[in-house]
Amino acid sequence: MKSKEYFDRISNEWDEIRQSFFSDSIREKMCEAAQAKEGLTAVDVGAGTGFVTQELLNRKLRVVAIDQSQEMLDVLKQKYSSVGEIVCLQADAYSLPLESDSVDYVMANMFLHHVENPGQAISEMTRILKPGGKLVIADLDRHDYEFLRKEQFDVWLGFERSDIREWFTEANLSNIKIEDLNEQCCCDSCESCSSAAINIFIASAEKSSI
């Protein structure tokens with residue numbers, strides 16, 4: 001099973017599962033890092049069932065929710081289609097179906113560790129940003145909890161922050177900030193006595209205008 005099949009299968013349970021992993025304050029901190037302003041357009045990449053989307057809609061932004069799992073997006077639409085201005089698009093990390101230089105913010109929460117090529121995914125997210133637009137990513141610090149590869153189909157066991165900075169720089173992003181969120185992602189193994197408590201970082205940057 002690959003990550004898409006995994007998320008297709010658990011889409012109706014994901015909201016409940018996610019609540020045990022990390023707190024709602026992550027999405028608030030992501031919007032604060034972006035300095036998200038009402039009426040502008042934000043893309044939620046790896047949107048799932050709308051964890052970050054909900055906060056963006058609460059702040060009255062226009063939202064484009066993108067996920068590889070149509071089942072996840074179907075749940076998201078059921079929850080939020082009548083709440084605000086939102087478009088849902090199924091796509092993978094490397095071919096976002098939006099024009100270059102077209103959106104104000106791109107956000108990705110706990111998405112990057114599910115993609116094979118994070119640098120390419122970051123470049124693609126940067127492509128759709130307007131010059132001066134902001135990219136905000138929240139994800140896991142490097143860890144050694146191998147059970148997450150098998151049970152949740154994580155491709156990467158978190159990241160070194162120096163690698164995130166390098167990928168941001170290669171994508172022509174500036175004003176790069178990578179900080180500790182003072183939050184942990186916590187989960188228990190379904191197949192063993194293992195449990196994980198992993199630090200979460202937030203990385204933000206602007207698309208250079210040249």
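Author: Buried means under 20% relative accessible area, exposed means over 50%, and partly exposed is in between (1.4 Å probe, protein chains only). The model here is predicted, with local features needing pLDDT of at least 70 and side-chain atom pairs counting only at pLDDT 80 or more, while totals for chains, interfaces and linings use all residues. Residues are numbered from 1 along each chain as its sequence is written, and side-chain values use heavy atoms, leaving out hydrogens and water.

Reader: OK, overview first: what does the secondary structure of the protein come to?

Author: Helices (H or I, at least four residues) and strands (E, at least two) are DSSP runs, numbered from the N terminus. On that basis, the protein comes to eight helices and seven strands.

Reader: And what share of the contacts between residues at least 6 apart in sequence join residues at least 24 apart?

Author: Contact here means heavy atoms within 4.5 Å. Burial first: of the 210 residues in the protein, 53% are buried. As for those contacts in the protein, the share joining residues at least 24 apart is 67%.

Reader: Which residues of the largest nonpolar core touch the most other members?

Author: A nonpolar core is a set of buried Ala, Val, Leu, Ile, Met, Phe, Trp, Tyr and Cys residues joined through side-chain atoms within 4.5 Å. The largest one has 33 residues. A second, separate core has 32 residues, including V103, V106, A108 and L112. Back in the largest core, the members touching the most others are I26, M30, L56, Y105, M107 and I200.

Reader: L56 is on that list. Leaving aside neighbours within four places in sequence, which residues is L56 in contact with?

Author: L56 is one of the buried residues of α4, along with F51, V52, T53, E55 and L57. Beyond its sequence neighbours, L56 is in contact with C31, A42, D44, L61, V63 and M107.

Reader: At roughly what angle do the axes of α3 and α4 cross?

Author: Two packed helices are described by the angle between their axes and the distance between the axes. Axes are lines fitted to C-alpha atoms, for helices over the stretch in contact, and angles run from 0 to 180 degrees between N-to-C directions. For α3 (residues 25-34) and α4 (residues 51-58), the axes come within 9 Å, and the crossing angle is roughly 55°.

Reader: Why is α3 called oblique to α4?

Author: Angles under 35 degrees count as roughly parallel, over 145 as roughly antiparallel, 65 to 115 as roughly perpendicular and the rest as oblique. The axes cross at roughly 55°. That angle makes α3, relative to α4, oblique.

Reader: By class, which residues does the contact of α3 with α4 have?

Author: On the α3 side you've got I26, R27, E28, M30 and C31, meeting F51, V52, Q54, E55 and L56 in α4. Ala, Val, Leu, Ile, Met, Phe, Trp, Tyr, Cys and Pro count as nonpolar, Asp, Glu, Lys and Arg as charged, and the others, Gly among them, as polar. So the contact comes to six nonpolar, one polar and three charged residues.

Reader: Which residues of α6 are buried?

Author: α6 is mostly covered, with seven of its 10 residues buried. They are P118, G119, A121, I122, E124, M125 and T126.

Reader: What separates the C-alpha atoms of T41 and R62?

Author: T41 is found in strand β1 and is buried, with a relative accessible area of 13%. Not counting residues up to four places away in sequence, T41 touches R62, V64, V103, D104 and Y105. T41 and R62 are 21 residues apart along the chain, and their C-alpha atoms are separated by 4.6 Å.

Reader: And for N109 and I137? What is their C-alpha separation?

Author: N109 sits in strand β4 and is buried, with a relative accessible area of 8%. N109 and I137 are 28 residues apart along the chain, with their C-alpha atoms separated by 5.8 Å.
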